[in-house]
Amino acid sequence: MTSTDNRRPIMTELAITVRQRPGFHLVQLEGELDSTTQLPLSQTFNELLTEAPPKIVVDAARLAFCDSSGLWTLITGQREAEDRGGGLRLIGVHGPLARLLSVTRLVDMFPSYASLDQAAHWPGPR
């Protein structure tokens, strides 16, 4: 008697919702941010980075998973936003993303914001 394995490769999904808020864009993530889903987020960041200065708040509360590819996408978005006089902030960090930030010692690059209101407060020009 032979058995066949009917399992299919697991496809990860990432839903990205972008909302314009006064003074910034809110990017809400739901699902898994990994090597198979990071490209749409990177493209989203590229579009948002055209505004001057780009101010982006990423809500990761519904992010179920994040690997090093996803983390690199966030780092690149942050660096590009800062180079253009803005920034990228995270809220709702938990689980795998929180562990990645801790293990890689990038917590300071992405400080913890307790709420959207706190993250959305951008300092005025110096």
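This text walks through the structure from its overall plan to its packing.

The model is predicted, so local features need pLDDT of at least 70, side-chain atom pairs count only at pLDDT 80 or more, and totals for chains, interfaces and linings use all residues. Residues are numbered from 1 along each chain as its sequence is written, and side-chain values use heavy atoms, with hydrogens and water left out.

Start with confidence. The score is pLDDT, the predictor's confidence in each residue, from 0 to 100. Its mean over the protein is 89, and 89% of the residues reach 70 or more. Helix α1 (residues 38-48) has the highest confidence, at 97. Strand β5 (residues 112-113) has the lowest, at a mean of 82. Over residues 1-5, pLDDT stays under 50.

Now the plan. The protein has 4 helices and 5 strands. These are DSSP runs, numbered from the N terminus: helices are H or I with at least four residues, strands are E with at least two. Along the sequence the pattern reads β-β-α-β-α-β-α-β-α.

Next, the sheet. Strands of a sheet pair through backbone hydrogen bonds, either parallel or antiparallel. Here, two strands count as paired if DSSP finds at least two bridges between them. The 5 strands form an open sheet in the order β1-β2-β3-β4-β5, with mixed pairing. β1 (14-21) and β5 stand at the edges with a single partner strand each, so one side of each lacks a neighbour in the sheet. Strand β3 (residues 55-66) pairs with strand β4 (residues 87-91) in the parallel sense, over 5 bridges. Val-58 stands opposite Leu-90 in β4.

Then come the helices. Axes are lines fitted to C-alpha atoms, for helices over the stretch in contact, and angles run from 0 to 180 degrees between N-to-C directions. Helix α2 (residues 68-83) packs with α1 at about 5°, the axes 10 Å apart. Therefore α1 is roughly parallel to α2 (angles under 35 degrees). From α1, the contact uses Gln-38, Leu-41, Ser-42 and Phe-45. From α2, it uses Ser-69, Thr-73, Leu-74 and Gly-77. α2 also lies across β2 (24-33), β3 and β4, running at about 140° to β4.

Finally, the whole chain. Of the 126 residues in the protein, 37% are buried (under 20% relative accessible area, with a 1.4 Å probe and protein chains only). Among contacts with a separation of 6 or more, 70% join residues 24 or more positions apart.

Methods. Contact means heavy atoms within 4.5 Å. Angles under 35 degrees count as roughly parallel, over 145 as roughly antiparallel, 65 to 115 as roughly perpendicular and the rest as oblique. Buried means under 20% relative accessible area, exposed over 50%, partly exposed in between (1.4 Å probe, protein chains only).
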